[in-house]
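Keep the viewer open and try each task before reading its solution.

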Amino acid sequence: MDFIKGLRDRTVFIVGSKKNAGKTTFLNYALKRLRGATVTGALSVGVDGEALDQVFGTPKPQLRAERGDLLLCAESALKNADLHYEVLNVYPFRTAIGRPVLLRALRPGRAEISGPENNEQLGEIIADMRRHGAGTIFVDGAVDRITQVAAGGKAAFVYVARVEPENLDSSAAAMKLVWSASSVPLCRAGEKLPEPVYIIDGALTPGRIPGKEARGGTLVLEDLTKVFLTWQQWTDLKARFELRFGAKPDLAAFVVNLVNVSRQDFEKKLAAPALAARLIYNPYQVKR
Amino acid sequence: MEKLRAFAEFETFYALFKPLTPRGRRYREARPFFTDAAALKTEYDQAAAMGAFLAASRHKADKLRFHLRNIPPLELTPEALGSAPGLFLVRKFLSNTAEIFKLLPAPLRARFGARWASAELLALLDKGGTGEAFHIADAYSPDLAAERAAIAACDKTLKALRDKRLKALRETRGLDFSDRDFLVIEETAAAKLGGAPELFVEPFDGTHVTVKPVYGPDYMEAAAERDRLRAREAELEAAAVKRLAAAAAAEKKEFEAYLAALERIDVAAERARLAAELKLTRPVLRKFHSPLKLQKARFLPLEARLAEAGLKYTPLTASFSRRVNIIYGSNMGGKTVALKTLAFMQLLAQSGFFTPAETFETCLFDGGAFIGGAEMETAGGLSSFGLEMNDFALAHARLKGERLLLVMDEFARTTNSEEAAALLGAILEDLAERPGACAFLATHFSGLRAGKAPASFKMRGFDTAAFNTYFSGKPACGLDEKLRMINKFMRYELLEGGEGGEARDAIKIAGILGVAKAIVRRAQEFMEEKK
């Protein structure tokens, strides 16, 4: 099944392996594919609002809105927007670039989407978008914002990676970790778990892994976005403990943008055929 | 005052007070403490009137809460008003305000100063949208409609040109741009395109290129025309925003009156909600100094904790006609709770709330102070005793010009009993001479020398006979059960008199809490010998 269709009526977090991974480009593609079937909403999280990417200085792709799209934009970004819109809400929380404004595009145009600063605000905005009819809502960026919305049960995430020769090893390791973590079951109420049960609130860093003397039992983690381990540390952990997550958004897809790396080389580096079979390569790339 | 609030666990109640509007929340943060009887009466009158209105119609009560919650924060600066989002907020504010005012009957509107005078401005802003939405509509400028129609025509032309070009590229070059602005193809495949003028090609990586459609001069011309039209539209929108912002700014005075009225309505509605939900009654205010009378006063934080633990709660009934009062009683006999109840009731009453009692008659104080509980803290190098004395000295100094409620719990308990009793006696005598002092002191020291002025009270204490009947032959039990037993047999009633009569429950309580029987027995023997 076309994975894009599977995103319909969900809250989809588009998270990237790094800056300029191609998240917004993917977002534009997904929006085009889903419009018509559902009202779409889009916002971003993280510090935004610059015309140029803050790390690389490259122009940031703007979002192409169509009539009826719901968008969250910063008040300051609206002044020069090529957009005719109606305002649906203005949120009282201030961000560095002004108040977030929820709007509906009244005709096609370009816009720079923006976002709130914390999870509570994000939850409020997503609920507001749904109240105004949004079916599928895309949240561009910031993997650590998934948790709260994941609790709603309709959240999914798309992991977008830009793989280049210089980050081939680290990209493959990061994707294997996300893939492996996504198969860890959700901790269910009343489930009988192997004792002892260790509960790790917040980030799981190497320093918070129970000591070597602890072998066996269950480790309950908040969610996969809180795992800050290397692939090796993660595999060691899996060998020592039964793992569970407190919340778990669905992994909808891996979108891989290869730059100067062949599919063959990348899949060889992954050394995980099941994962390789799940990869969606650059949707803009076509064979002729 | 903060120590008194902490002692009375005022925060557990205040956390339930949740005004819905931005101004209401600001009011909450200010934590007003009323010392003026007329101002406090107004607060009570407003809460009572609002309570009657809300009780009459659940539907109207829900509607009022809905619109209050929808009142946005309002800024009336030129910068805040000079944009569509700023005007959206003005319209949202006005439409919810109008609905709230409409809901209230005329006498209530008059009581809250709710006078609606912005029908014209709201009608003007309503041209910009239906429901919650707002935009700079064509209705605001005849030229806008024409400009937007031209943009729509331009968009149509652009779309037609784009579709035509994409169709041609699909048919002649096999490139499908349907869902994509660009394509990434292999460089070798791109070479076969032979530098087609309808395609723009640039490198993607070492083996691929990015291909974008080139739409041609007609398209560029239409796009440039659209840019020009859009710039003109932006000018017209800015002019319309300016006119609307000026119309809103002209009603600044009205807005300020609405904000003040909404704050009063919001606060009164929230106070009325709490009164209904927690069964609060209006306090009776008398002139200073009048007796403080509590009839079945409930200290809500403890009532809730005991209910959770399945334990019985005894409300406090008492009448304090003198200014200086001493409460004697057993350990765990309820002296502190009696003080907390009194402080809780007074703080609620002077914060504008109704109180949890069948009746609460009181008078107003300029402030309050709590002295005691110092074993929990030390500050600035002072010992707990030093801290208590410092707190007392500060409160005492204020008595020169202020009427103060002084609540003292086990004052000087950390020093030797002889000196502590002497100090307490002297303090009580002094307070009796100060007309601004209204003091309540709980102590387990017996027989304080304080002259005739203070009134003495005693917690009824442990019901030994009932306990012996119940406990005979019962096995030892855990802490929860022990506490349950103390709760069951302790009589938390405040009796007038007592006159320093000694409390004799400490050894019994020690026994219930698990101190060895032999020790308890020996302690009782010592007491007998002393007698």
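The exercises below concern a predicted model.

**Exercise 1.** Work out how helix 5 and helix 7 of chain B are oriented relative to each other.

*Solution.* Start with the axes: those of helix 5 (residues 58-69) and helix 7 (residues 84-103) of chain B come within 9 Å and cross at roughly 155°. Angles over 145 degrees count as roughly antiparallel, so helix 5 of chain B runs roughly antiparallel to helix 7 of chain B. Next, the hand: this crossing is left-handed. Finally, look at who meets whom. From helix 5 of chain B come Lys60(B), Lys63(B), Leu64(B), His67(B) and Leu68(B), and they meet Asn96(B), Glu99(B), Ile100(B) and Leu103(B) of helix 7 of chain B. Sorted by class, the contact has 4 nonpolar, 2 polar and 3 charged residues.

**Exercise 2.** Find which element of chain B gives the most residues to the side that touches chain A.

*Solution.* Begin with the whole contact, which takes 25 residues from chain A and 26 from chain B. Then list the elements of chain B that give two or more residues: helix 7, helix 10 (142-173) and strand 1 (183-186). Helix 7 of chain B gives the most, with 4 residues. On chain B, this side has 14 nonpolar, 5 polar and 7 charged residues.

**Exercise 3.** Identify the edge strands of the sheet in chain B.

*Solution.* Read the order first: this open sheet of 3 strands runs 1-3-2, with antiparallel pairing. Strand 1 and strand 2 (199-203) of chain B each have a single partner strand, so they stand at the edges. Now check one pair: strand 2 and strand 3 (residues 208-213) of chain B pair over 5 bridges, and Val201(B) stands opposite Val211(B).

Notes: Residues numbered from 1 in each chain as written. Chains lettered and ligands numbered in written order. Predicted model: local features only at pLDDT ≥ 70, side-chain atom pairs only at ≥ 80, totals over all residues. Axes fitted to C-alpha atoms, helices over the stretch in contact; angles between N-to-C directions. Parallel < 35°, antiparallel > 145°, perpendicular 65-115°, else oblique. Left-handed = near helix turned anticlockwise from the far one by under 90°. Contact = placed C-beta atoms within 7 Å. Nonpolar A, V, L, I, M, F, W, Y, C, P; charged D, E, K, R; others polar. Pairing = 2+ DSSP bridges.
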